[in-house]
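Please look through this protein chain with me, ring by ring and helix by helix. Have the model open as you read.

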Amino acid sequence: MSHGRYFDTGADDEMDTALRLPKVVFPVPETAPAMQAVQVRVPWRRVMLIALIFWGISRVVYLLLGIVASLLPQVPGAHGLGMLGLWQRFDTNWYLGIASQGYSKPAQIAFFPLYPALIRVASIVTGGNLLVAALLVANVSCLTALIAVGGLAARELRDVRAVTFSMLALLLYPFSFFLTAAYTEGLFVTFAALSLLFARQGRWRLAGLMALLAAATRPTGVALIAPLAWEWLRQRQLTHPAIGAALLRPGRIQVARGWLSELARAVRAEWTGILAIFAVPAVLAAMTAYAGLRFHHPLLIFYVRRDYWGLKSAPILPTLYREVSDIFLNPAGSITQFIIVLDLLALAAVTVAAVVWFRRTPFAFTLYTLGLLYLAVAQPTSGGLHALQGPGRYLVPALPLFLGMSEVLERRPKLAVAIFTLCAVLQGVIALRFLTGVLIE
């Protein structure tokens with residue numbers, strides 16, 4: 001991996017620190033010094049400049065797409081509100097309803113409160129126009145998402161070109177037009193990326209705050225719990241391979257007691273990490289309490305997708321088989337068939353990335369990716385034209401995919417041009433369908 005001259009280089013966290021670790025012997029409990037996160041200077045000014053350039057160019061592109069869409073026939077029942085109203089589609093109406101009237105229906109609890117709250121605040125500067133406020137928040141969030149992903153790429157890859165490629169990969173991912181629509185993707189990508197970045201830096205107060213905001217944005221914030229816990233344990237040397245090996249040998253009970261003793265010491269020494277790990281469960285607990293007070297159903301946030309949206313938990317493999325089968329059950333060349341294929345390709349790409357780059361990326365990133373993959377396929381529809389509801393969109397926050405792609409594509413410019421061109425065309429096609437009133441799920 002190349003190292004750009006704009007980065008302070010250091011030992012790679014996962015490999016080099018392992019070589020420096022003392023031998024862990026837990027049968028006689030002893031205190032091992034904490035593994036400090038390797039500090040890498042992130043050139044935030046350069047990252048923000050690159051992000052601002054890409055963001056500005058992409059806004060012009062989406063403006064042109066909006067003009068083209070306004071000239072196309074609209075799906076019956078679509079909003080006829082002019083070019084700006086083309087973005088008021090589907091879930092956007094739920095967010096606007098919550099921003100306007102609060103949680104007035106049980107089904108609304110599936111949409112978490114941070115984005116509607118920001119819409120309400122932003123409406124102060126938009127003259128009370130909630131749609132304009134929603135688009136303002138979403139588009140500013142798109143910029144912050146690019147900055148956050150660029151910062152994460154700078155910290156992990158330490159190559160200025162990788163920062164550029166990671167942002168391009170995120171922007172050109174076929175479903176990334178949701179970063180521009182009045183949806184939560186931009187906010188969630190921002191907070192998820194910053195939470196992982198700060199955790200890797202050992203800045204646990206900020207990591208916890210970002211995790212809390214991510215969880216308040218989308219229920220998929222639960223995907224951050226395992227990676228934050230692993231990273232905290234790793235930095236306290238509680239995931240060292242010697243511990244696992246010792247647990248397989250005689251005396252494992254003593255080893256387990258020693259590990260628990262070290263865990264207790266780590267909690268006392270770095271309790272802010274524990275707060276970060278429990279930030280997401282804290283939000284879920286708060287939402288549970290609110291649902292109990294507002295709708296007299298404390299577990300509503302866990303059952304709302306089943307009871308009001310027809311999404312039921314099912315085994316993953318049968319669900320994937322059903323999704324593949326739905327390709328052939330839909331009319332050839334239909335938009336539904338097209339979206340199913342793209343959804344499956346997105347699932348395949350993220351899965352392959354998690355496997356191929358398993359040893360080259362922090363294990364916390366692998367845990368995060370696996371969490372997103374599970375959430376994308378865990379609750380299929382009980383009927384309809386296809387089994388899965390929007391896995392391509394739910395994988396927009398699959399940050400390790402974009403970091404891994406940037407590392408590969410920067411060394412293969414011709415391949416990068418081909419892939420980015422294809423992705424841009426696919427994104428343009430489905431964005432135009434969305435803007436003309438076709439449900440993209």
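Start with the rings. Tyr62, Trp87, Phe90, Phe177, Phe178, Tyr183 and Phe434 form one aromatic cluster. Rings of Phe, Tyr and Trp (its six-membered ring) pair if their centres lie within 6.5 Å; planes under 30 degrees apart count as stacked, over 60 as edge-to-face and the rest as tilted.

A note on the model. It is predicted: local features need pLDDT of at least 70, side-chain atom pairs count only at pLDDT 80 or more, and totals for chains, interfaces and linings use all residues. Residues are numbered from 1 along each chain as its sequence is written, and side-chain values use heavy atoms, with hydrogens and water left out.

Back to the rings. The structure holds 19 aromatic pairs. One of them joins Tyr173 and Phe175, with 6.0 Å centre to centre and 50° between the planes, a tilted pair. Both Tyr173 and Phe175 are buried. Buried means under 20% relative accessible area, exposed over 50%, and partly exposed in between (1.4 Å probe, protein chains only).

Two arginines sit over ring faces. Arg393 lies over the face of Phe178, at 5.2 Å from the ring centre. Phe178 is also a member of the aromatic cluster. Arg200 lies over the face of Phe365, at 5.9 Å from the ring centre. The test for such a charge is NZ of Lys or CZ of Arg within 6 Å of the ring centre and within 35 degrees of the ring normal.

Now the fold. The chain has 21 helices and zero strands. Both are DSSP runs, numbered from the N terminus: helices are H or I with at least four residues, strands E with at least two. Of the 441 residues, 52% are buried. Among contacts between residues at least 6 apart in sequence, 76% join residues at least 24 apart. A contact means heavy atoms within 4.5 Å.

Next comes the core. The largest nonpolar core has 129 residues, and those with the most contacts inside it are Tyr115, Ile119, Tyr368, Leu395 and Phe434. Helix H6 gives the most to this core, with 18 residues. Such a core is a set of buried Ala, Val, Leu, Ile, Met, Phe, Trp, Tyr and Cys residues joined through side-chain atoms within 4.5 Å. In soluble globular proteins, nonpolar side chains tend to be buried together. Leaving out residues up to four places away in sequence, Leu395 touches several others, including Tyr173, Leu347, Val350 and Phe402.

Polar residues are buried too. Arg155 is found in helix H6 (residues 130-157). Its relative accessible area is 0%, so Arg155 counts as buried. A polar contact of 3.2 Å joins the side chains of Arg155 and Glu156. Gln88 lies in the loop between helix H3 (82-85) and helix H4 (91-101). Gln88 is buried, at 15%, and its side chain makes a polar contact of 2.9 Å with that of Asn93. A polar contact is a pair of N or O atoms within 3.5 Å; within protein, one must be able to donate a hydrogen and the other to accept it, and residues adjacent in sequence count only if both atoms are side-chain atoms.

Beyond its neighbours within four places in sequence, Thr164 is in contact with Ile50 and Phe54. Thr164 and Ser406 are 242 residues apart in sequence and 7.9 Å apart in space, C-alpha to C-alpha.
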